[in-house]
Amino acid sequence: MHLLLVPRPGLPVRCAYCHDDLGEGRACPSCATRLHDECWLLAGPCPTLGCRRRLRILVERVGASVWHLAWWLAVFIAVWSTLVGVIPSFETMFQETGFLLPEATETLMGASRVARSPIGIWAAVLVTIASIAVFRRWRSSPTLRRALVGLTISSLAFFPFAALALFLPTVQICTKL
Ligand SMILES: [Zn+2]
Ligand SMILES: [Zn+2]
């Protein structure tokens, strides 16, 4: 059997993965099927039947920007200042009531005591300096970008945790009053 493929003139080229209009796209080196860059990332191997070629996409090789560093440091400093500046006043309040605190609250109070100790202050300074130094040295590395994004997002989880840990005993106090 002999197959002849003739391109249809005039029709916009469509991505073989999402079927949306395709500008340049990127072609499979084996069968010339074209996909968006993002669609290659989603598709993994070539979606054409019989062709399982994988395309290495360069999109992933983007390093970290100053914004990645700035966001991470902002969130880190926010967490640390909450531990040092906000939590102690709650601790005093809870101690005055003498109630048994939930485990989450005890954990938060413990973290606050560590953050306020000399070791905690040194650690915070060290993390800040090390973050800047690592950024300056490896900013073109995609791994560093992923690490900074991961650190920022996971550190943000501190705030709902802290809110809950402070909310639980407050409810306890209000109901006992
Ligand atoms: Zn697509
Ligand atoms: Zn292919």
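1. His19 is exposed, with 9 other C-beta atoms within 10 Å. The classes used here rest on C-beta atoms placed from the backbone: a residue is buried if 20 or more others lie within 10 Å of its own, exposed if 12 or fewer, and partly exposed in between. His19 has a positive phi near 60° although it is a residue other than glycine. It is found in the segment before β1 (26-27); helices (H or I, at least four residues) and strands (E, at least two) are DSSP runs, numbered from the N terminus.

2. This is a predicted model, in which local features need pLDDT of at least 70 and side-chain atom pairs count only at pLDDT 80 or more, whereas totals for chains, interfaces and linings use all residues. Residues are numbered from 1 along each chain as its sequence is written, and chains are lettered from A and ligands numbered from 1 in the order in which they are written.

3. The mean pLDDT (the predictor's confidence in each residue, from 0 to 100) is 87 for the protein, and 93% of the residues score at least 70. Where pLDDT is low, the predicted coordinates should not be read in detail.

4. Ala32 likewise has a positive phi, of about 70°, although it is not a glycine. Its place is in the loop between β1 and β2 (34-35). Ala32 is exposed, with 11 other C-beta atoms within 10 Å.

5. The protein contains 6 helices and 2 strands, which follow the pattern β-β-α-α-α-α-α-α when read along the sequence. The domain assignment gives domain 1 (1-60) and domain 2 (66-176); such bounds come from an automatic or database domain assignment. The C-alpha centres of the two domains lie 46 Å apart.

6. The radius of gyration of the protein is 27 Å, while a compact globule of 177 residues would have one near 16 Å. This quantity is taken over C-alpha atoms, and the globule rule is 2.2 Å times the number of residues to the power 0.38. The C-alpha trace spans about 90 × 45 × 25 Å along its principal axes. Buried residues make up 15% of the 177 residues.

7. The largest nonpolar core consists of 8 residues: Trp80, Leu83, Ile87, Leu108, Met109, Ala115, Ala162 and Ala165. At least two residues of this core come from each of α2 (66-97), α3 (103-116) and α6 (158-176). A nonpolar core is a set of buried Ala, Val, Leu, Ile, Met, Phe, Trp, Tyr and Cys residues joined through C-beta atoms within 7 Å.

8. Ala115 is in contact with Trp80, Leu83, Val84 and Gly120, leaving aside its neighbours within four places in sequence. Two residues are in contact if their C-beta atoms, placed from the backbone, lie within 7 Å. Of the contacts in the protein with a separation of 6 or more, 53% are between residues 24 or more positions apart.

9. Helix α4 has 21 residues and reaches 30 Å from its first C-alpha to its last, close to the 30 Å expected at 1.5 Å a residue. The expected span is 1.5 Å times one less than the number of residues. The helix is hardly covered, with a count of 1 buried residue among its 21 residues.

10. Ala163 lies in helix α6 and is exposed, with 10 other C-beta atoms within 10 Å. Ala163 and Ser141 are 22 residues apart in sequence and 35 Å apart in space, C-alpha to C-alpha.
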